[in-house]
Amino acid sequence: VKTHWPERSGSLFYPTQKTILLLRSPLDCIISLFHMDCTGTHDCSILDSDFVSYKKQWEQWVENEITVWRDFHNAWMK
């Protein structure tokens, strides 16, 4: 069963005895999701210079995503 539990709201807990958890690197995912959020697409990217132009927004994004990843890992470790 593919799930984004517990990150995505509305995803229900799937009771199981064993789990194989596959993850991408959080570093890659945080950057990729920022590109997607900024462009509204899965296949476009912002310019490297945009990370400088929007430094404050980028830093806030990273701080938020770090807490999302921390909570995600803590939930699975329990």
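A nonpolar core is a set of buried Ala, Val, Leu, Ile, Met, Phe, Trp, Tyr and Cys residues joined through side-chain atoms within 4.5 Å. Buried means under 20% relative accessible area, exposed means over 50%, and partly exposed is in between, with a 1.4 Å probe and protein chains only.

Before I use those terms, a word on the source. This is a predicted model, where local features need pLDDT of at least 70 and side-chain atom pairs count only at pLDDT 80 or more, while totals for chains, interfaces and linings use all residues. Residues are numbered from 1 along each chain as its sequence is written, and side-chain values use heavy atoms, with hydrogens and water left out.

Now the overall layout. The chain has three helices and zero strands, in the order α-α-α along the sequence. Of the 78 residues in the chain, 15% are buried. Contact means heavy atoms within 4.5 Å. Among contacts between residues at least 6 apart in sequence, 60% join residues at least 24 apart.

Take α1 next. The expected span of a helix is 1.5 Å times one less than its number of residues. The 14 residues of α1 should therefore span 20 Å, and its end C-alpha atoms are 20 Å apart, which agrees. Its buried residues are C29, I30, F34 and H35, and they pack against α2 and α3. After α1 comes G40, with a positive phi near 75°.

Helix α3 covers residues 55-77, which is 23 residues. From first C-alpha to last it reaches 33 Å, close to the 33 Å expected. Buried in α3 are W58, W61, E65, W69 and F72. They pack against α1 (26-39) and α2 (48-53).

Back to the core. Which residues form the largest nonpolar core? There are eight: C29, I30, F34, I46, F51, W58, W61 and W69. The elements giving two or more residues to this core are α1 and α3.

Next, the rings. Rings of Phe, Tyr and Trp (its six-membered ring) pair if their centres lie within 6.5 Å; planes under 30 degrees apart count as stacked, over 60 as edge-to-face, and the rest as tilted. The whole structure has five aromatic pairs. One of them, W69 with F72, is edge-to-face, at 6.1 Å centre to centre and 65° between the planes. W69 and F72 are separated by about one helical turn because they are three residues apart in α3. Ring pairs also link F34, F51, W58 and W61 into a cluster.

Then H35, in helix α1. Is H35 buried or exposed? H35 has a relative accessible area of 13%, so it counts as buried. A polar atom of the H35 side chain lies 3.0 Å from the backbone nitrogen of I46. Apart from neighbours within four places in sequence, H35 is in contact with C44, S45, I46 and F51.

Last, the cysteines. A disulfide is a covalent bond between the sulfur atoms of two cysteines. The rule used here is a pair of cysteine sulfur atoms within 2.5 Å, and by it the count is zero. C29 counts as buried at 15% relative accessibility, whereas C38, at 42%, counts as partly exposed.

Definitions and conventions:
Helices (H or I, at least four residues) and strands (E, at least two) are DSSP runs, numbered from the N terminus. A polar contact is a pair of N or O atoms within 3.5 Å; within protein, one must be able to donate a hydrogen and the other to accept it, and residues adjacent in sequence count only if both atoms are side-chain atoms.
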